[in-house]
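Here is a short report on one protein chain.

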Amino acid sequence: MEAPRYLVSFDANTALHRFTDILVIGAGIAGLRAALEVPPDLAVLVVTKDRLTESNSTYAQGGLAGVLSPEDRFEDHVQDTLIAGDGLCDREVVDLVVREAPGEIERLIQWGTRFDLENGSLALTREGGHSHRRIVHALGDATGFEVMRAIIARARQMPHITLWDDSFTLDLLTDAGRCVGAILQRGDWGRILVWARQVILASGGCGMVYRETTNPPVATGDGMAAAWRAGAQLRDMEFMQFHPTMLYVAGSARYLISEAVRGEGAYLRDVHGERFMLRYDPRGELAPRDIVARAIFQTMERTQHPNVYLDLSHLDPDKVRQRFPGINRVCRAFGLDITRDRIPVRPGAHYMIGGVTIDRDGRTTLPGLWAAGEVTSSGLHGANRLASNSLIEGLVFGARCGRFAAEAARTEQGRPAPRNLRYTVPPPDNSDRLDIADLTASLRSLMVRKMGILRDAQRLREAQQDVDFWCRYVLVREFDSRSGWELQNMLTIARLMIDAALRREESRGTHFRSDFPQRNDVLWADRHVIAPPRQEASIPPSVASTSSDPLSGAEHPPAHSEVAPAAQTTLPFSNPNP
């Protein structure tokens, strides 16, 4: 029995309906930037499953990267991004984003964003992997909060934009091979079918698949899973970026310690006080994130200590407090003075590099569906994201999605109309009650142990076996709660991530296989692992070469003749029986 196409049952004949020209799923920086690009004669509905302010964008500390000083050049930013991406970036996409970044930063300023200044000019800092100081920041270490404050305020001023919070996107509606809207569960309203001429997916990442993560609880991969169920292509799901420095205090919430702390000169030390990064890379603490995260992990294993330490004691204490007020405030709650005391840190899942395949306009392989931000695989980040390139990606691709989705919406005659669609989730053979919280905790712990920073075939196969087993009895059920839907989405995404990690038999960027510890450009240069389409879920993951346009300029998925079959593996989505 195949896992259900939709998470829930519905009947278009009896459901509540909402009509709009453009539906934007996600209210982070990518989603709101897309909405703001749509001309005012088209109606835009933006939906988010929690509060408008609850997104990875809001929690971003470091800043936005852009060439803003005369000492810097576009070519330098491009080269830094390519080096960090470890051979898997799309150079034309990198060039596009880098060249449009300064204009997007200027637009944020026009919309009221108050970036930090130094002598009347934008204050620029440097982070790992950057050859120049090109990171703009706000409120010291609360850039995302300030940017989202300004962009939310701007969106609220636009009469053609409607903002819905507390609206969980259960699935994308498809009809006749194209995306026509989405099924929402909205607060006290219940279930709603939203019909749209074009849909923009900007739902963010999936860091909550891991127990140790810098992400807020909303980051459960809902958009990726919904896109996969709808038939959109996903790729590069093995590449989860682990931020090297997450505050690690037993019993506390995990809190990001910005890359900018090392950019301003902080040292990493082990439990014995030794500064260890120069052992692993001549750039020391300013090496790209994948290198620093692995170095910290290996140092923790060598010293048998649960964390390492950030040391700022050699820096000017007044400047440290001024530059990092948020981090200072959090650490003081635990009795830590960041100007004197060592800050305990360890890596945590931070940013999903893989996701829904898009072209340079933000078009996915599913007609009618566009995507921007962390939910996507755009070609910008390659195998490892360069610090502070994510908010810029959200702005650039959000703007492009809004622009081109609006053009596509104008070509459609009339408004979107509900089809005579109905779907019933088949009842499972065994409907015993599940402990959703226990299953969720088990999945997140397993991903840390067996799909973490260091991977090998044995642990990945063990993870695959466990997740297969959970999928067989969880994905076939119909839940009536957010926690149940999130568990189903996280299981779906975890399974695709594990499959991709098994398939890529090399180490590249954030994906490190201890049984294949070297980058292998002979077999893997410019090659992506493609997740199996749902409608052909018995097909194993595939590998495709990078091209200048991942969608070949078409609205439809690439022909299978363009994809080389991968080694056979069994997926749980089509056959729940062992």
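## The whole protein

This is a predicted model. The protein has 15 helices and 25 strands. Its radius of gyration is 23 Å, close to the 25 Å that the globule rule gives for 578 residues, so the protein is as compact as a globular protein of that length. Along the principal axes, the C-alpha trace spans about 70 × 55 × 45 Å.

Buried residues account for 63% of the 578 residues. The protein exposes about 21400 Å². Carbon and sulfur atoms supply 49% of that area. Contacts also reach along the sequence: among those between residues at least 6 apart, 73% join residues at least 24 apart.

## Two packed helices

Two packed helices are described by the angle between their axes and the distance between the axes. Take helix α4 (residues 91-110) and helix α11 (residues 390-410): they pack at an angle of about 90 degrees, with their axes 8 Å apart. Angles of 65 to 115 degrees count as roughly perpendicular, so α4 is roughly perpendicular to α11.

Which residues of α4 and α11 make the contact? On α4 they are V93, L96, V97, E100, A101, E104, I105 and L108. On α11 they are I392, E393, L395, V396, F397, A399 and R400. By class, this contact has 11 nonpolar residues, four charged residues and no polar ones.

An α-helix has 3.6 residues a turn, so residues three or four places apart point the same way. Keep that in mind while reading the two lists.

## A covered helix

Helix α6 (residues 222-230) is mostly covered, with nine of its nine residues buried. They are D222, G223, M224, A225, A226, A227, W228, R229 and A230.

What covers the buried residues of α6? The cover includes the strands β10 (167-175), β12 (190-201), β13 (234-235), β18 (343-352) and β19 (355-357). It also includes helix α14 (482-503). After α6 comes G231, whose phi is positive, near 105 degrees.

## A loop residue

R342 sits in the loop between α10 (325-332) and β18. Its relative accessible area is 31%. Buried means under 20% and exposed means over 50%, so R342 is partly exposed.

Leaving aside neighbours within four places in sequence, R342 is in contact with D270, V271, G273, Y309, L310 and L336. How far apart are R342 and R321? They are 21 residues apart in sequence and 15 Å apart in space, C-alpha to C-alpha.

Key:
Residues are numbered from 1 along each chain as its sequence is written. This is a predicted model: local features need pLDDT of at least 70, side-chain atom pairs count only at pLDDT 80 or more; totals for chains, interfaces and linings use all residues. Side-chain values use heavy atoms; hydrogens and water are left out. Axes are lines fitted to C-alpha atoms, for helices over the stretch in contact, and angles run from 0 to 180 degrees between N-to-C directions. Helices (H or I, at least four residues) and strands (E, at least two) are DSSP runs, numbered from the N terminus. Angles under 35 degrees count as roughly parallel, over 145 as roughly antiparallel, 65 to 115 as roughly perpendicular and the rest as oblique. Contact means heavy atoms within 4.5 Å. Ala, Val, Leu, Ile, Met, Phe, Trp, Tyr, Cys and Pro count as nonpolar, Asp, Glu, Lys and Arg as charged, and the others, Gly among them, as polar. The radius of gyration is taken over C-alpha atoms; the globule rule is 2.2 Å times the number of residues to the power 0.38. Buried means under 20% relative accessible area, exposed over 50%, partly exposed in between (1.4 Å probe, protein chains only). Accessible areas come from the Shrake-Rupley method with a 1.4 Å probe; for residues, only the protein chains shown count as cover.
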